[in-house]
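Good morning, and thank you for making time for this. I would like to take you through one model, moving from its helix contacts to its sheets and then to its ligand.

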Amino acid sequence: MLEKSDPEIYKLIELEEERQSHTLEMIPSENYPSKAVLEALGSILTSKYSEGYPGKRYYAGNQFIDEIEKLAIERAKKLFGVPYANVQPYSGSPANLAVYLAVCDFGQTIMGQDLLAGGHLTHGWKANLSGKLFKSVSYSLNEDGYLNLEEVRDLAKKYLPKLIWCGGTAYPREIPFKEFAEIAEEVGAYLVADISHIAGLIAGGVHQSPVFFADIITTTTHKTLRGPRGAIIMVTEKGLRKDPEIIKKIEKAVFPSGCQGGPHNNQTAAIAVALKEAMEPEFRNYARQVVTNAKILAEELKKRGIKLVSGGTDNHLLLIDLSPFGKGLGIFLQDALELAGITTNKNTVPQEKSSPFYPSGLRLGTPAITTRGMKEEEMRKIASWLEAIIREIKDCSLPEEKERRKEYLEEFRKDIRNREVIYKIKEEILNLTEDFPIPNLGI
Ligand SMILES: Cc1ncc(COP(=O)(O)O)c(C=O)c1O
């Protein structure tokens with residue numbers, strides 16, 4: 001159908017499918033949802049307007065939409081063990097904004113992990129709305145790459161935030177929910193756990209749950225949870241005890257006070273499907289393998305003399321620290337890996353000496369390649385490719401003068417493209433990906 005009606009878009013989707021098929025997707029926030037999830041996402045449910053909540057809609061004709069949303073809510077509550085779930089947020093960022101609207105007044109103080117230390121934009125970064133609407137205080141990492149909980153406590157006592165975020169976007173270690181809860185209780189703050197990255201690991205039983213520690217939990221649904229793009233806001237029993245009005249406040253903050261109108265019902269249905277999948281025993285095996293793969297990859301890289309932030313990982317992601325070779329090498333590694341067929345992203349490292357645009361680290365993770373069925377043996381191969389490509393870029397030297405950087409990078413890209421090692425690894429990756437097809441491809 002699409003092929004005939006819009007060949008341009010059809011072709012581009014095909015090309016993207018081909019790209020995904022023949023490369024290793026190692027950005028830790030990406031994954032491949034099942035065909036069932038995609039079917040719900042592409043369904044007729046997208047046509048329906050249903051502002052409001054089940055049983056309380058502003059439009060007629062929502063009898064089946066109500067049932068779909070109720071199923072998604074019940075499944076979220078069961079999977080994470082919470083008394084309340086809101087499945088309407090369009091994505092992680094609007095979900096986090098809704099939490100602010102629910103529990104903070106503009107201008108109040110909030111606290112989160114610094115973006116440059118692995119936190120998320122929406123946790124108070126200055127260029128994000130969260131950093132503009134609220135007084136934002138950021139905590140950071142120790143030199144060893146672990147969270148600096150003493151600093152969190154000191155800052156919390158000094159600034160008395162209304163809300164404290166825990167959970168990040170580039171943190172390879174277990175989130176110490178209990179310690180965060182103690183600090184939040186000491187200063188009377190709401191503790192909000194943003195489990196976007198680790199939701200699938202929590203559902204699969206390989207990361208502790210924040211349910212007994214946080215008041216509110218937010219998560220995206222498209223990362224380790226392997227659903228469609230979307231998000232869920234949950235309230236815990238502890239949150240309800242802290243503020244019996246919290247559910248009403250969150251409902252209102254998502255709609256109508258917040259930044260969204262009608263829920264995306266096709267997305268809600270796809271979230272429900274993904275939540276059902278996450279309750280299957282098979283999902284527990286998947287989550288376990290994601291972490292096993294990340295740990296093997298970390299061990300193999302360390303054996304090869306490659307430095308990792310915090311010395312390893314407890315979850316699905318690792319951060320390679322290239323600073324022993326020089327400043328600002330992340331972009332060189334990211335680009336060289338992309339040419340060879342491994343998709344990752346450059347990232348800052350603790351005590352970053354370079355700029356956030358040219359950081360000295362690289363973030364990579366195992367959720368998507370584990371969905372393809374890759375295991376320990378493949379992790380060893382990937383580690384050897386990473387080592388070989390790091391060797392190719394380690395002598396690059398980012399010019400100090402900003403004006404020269406673009407030109408230097410262009411030269412680098414021309415040069416690296418023609419190196420034999422890149423060709424060789426690209427070929428090997430092509431062969432490997434043939435053996436591990438993405439389970440759900442085909443328009
Ligand atoms: C921890 C965390 N929170 C929130 C978000 C925002 O999610 P979205 O991109 O769906 O707005 C992300 C996405 O990267 C994230 O990692």
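A336, L339 and A340 in helix 14 meet I422, I425, K426 and I429 in helix 18; contact here requires C-beta atoms, placed from the backbone, within 7 Å. Helices (H or I, at least four residues) and strands (E, at least two) are DSSP runs, numbered from the N terminus. Please note that this is a predicted model, in which local features need pLDDT of at least 70 and side-chain atom pairs count only at pLDDT 80 or more, while totals for chains, interfaces and linings use all residues. Residues are numbered from 1 along each chain as its sequence is written.

By class, this contact of helix 14 with helix 18 has six nonpolar, no polar and one charged residues. In that scheme Ala, Val, Leu, Ile, Met, Phe, Trp, Tyr, Cys and Pro are nonpolar, Asp, Glu, Lys and Arg are charged, and the others, Gly among them, are polar. The axes of helix 14 and helix 18 (residues 420–435) come within 8 Å and cross at roughly 55°. Helix 14 is therefore oblique to helix 18; angles under 35 degrees count as roughly parallel, over 145 as roughly antiparallel, 65 to 115 as roughly perpendicular, and the rest as oblique. Axes are lines fitted to C-alpha atoms, for helices over the stretch in contact, and angles run from 0 to 180 degrees between N-to-C directions.

Three strands, in the order 11-14-13, form an open sheet with antiparallel pairing; two strands pair if DSSP finds at least two bridges between them. Strand 11 (317–321) and strand 13 (345–347) are at the edges with a single partner strand each, so one side of each has no neighbour in the sheet. Neighbouring strands here are turned by 35° against each other on average, direction ignored. Strand 13 is joined to strand 14 (residues 361–365) by three bridges, and K346 stands opposite L362 in strand 14. Helix 14 (residues 330–340) packs on this sheet, touching strand 13 and strand 14, and its direction makes about 170° with that of strand 13.

Helix 13 (residues 281–303) lies across strand 11 and strand 14, running at about 20° to strand 11. What does helix 13 meet in helix 16? N293, I296, L297, E300 and L301 in helix 13 are in contact with E376, M379, R380, I382, A383 and L386 in helix 16. Seven nonpolar, one polar and three charged residues make up that contact.

Seven strands form an open sheet in the order 4-10-9-8-7-5-6, with mixed pairing. Its edge strands, strand 4 (84–86) and strand 6 (135–139), each pair on one side only. From one strand to the next, the twist averages 20°. Five bridges join strand 5 (residues 109–113) to strand 6, and these two run parallel. The bridge partner of G112 in strand 6 is S138.

Finally, the ligand. Its surroundings comprise 14 residues, of which the closest are S91, G92, S93, T169 and S196; a residue is counted if its C-beta atom, placed from the backbone, lies within 6 Å. Which helix supplies the largest share of this shell? Helix 5 (residues 92–103) does, with three residues. By class, the shell has no nonpolar, 13 polar and one charged residues.

Note on methods: Contact = placed C-beta atoms within 7 Å.
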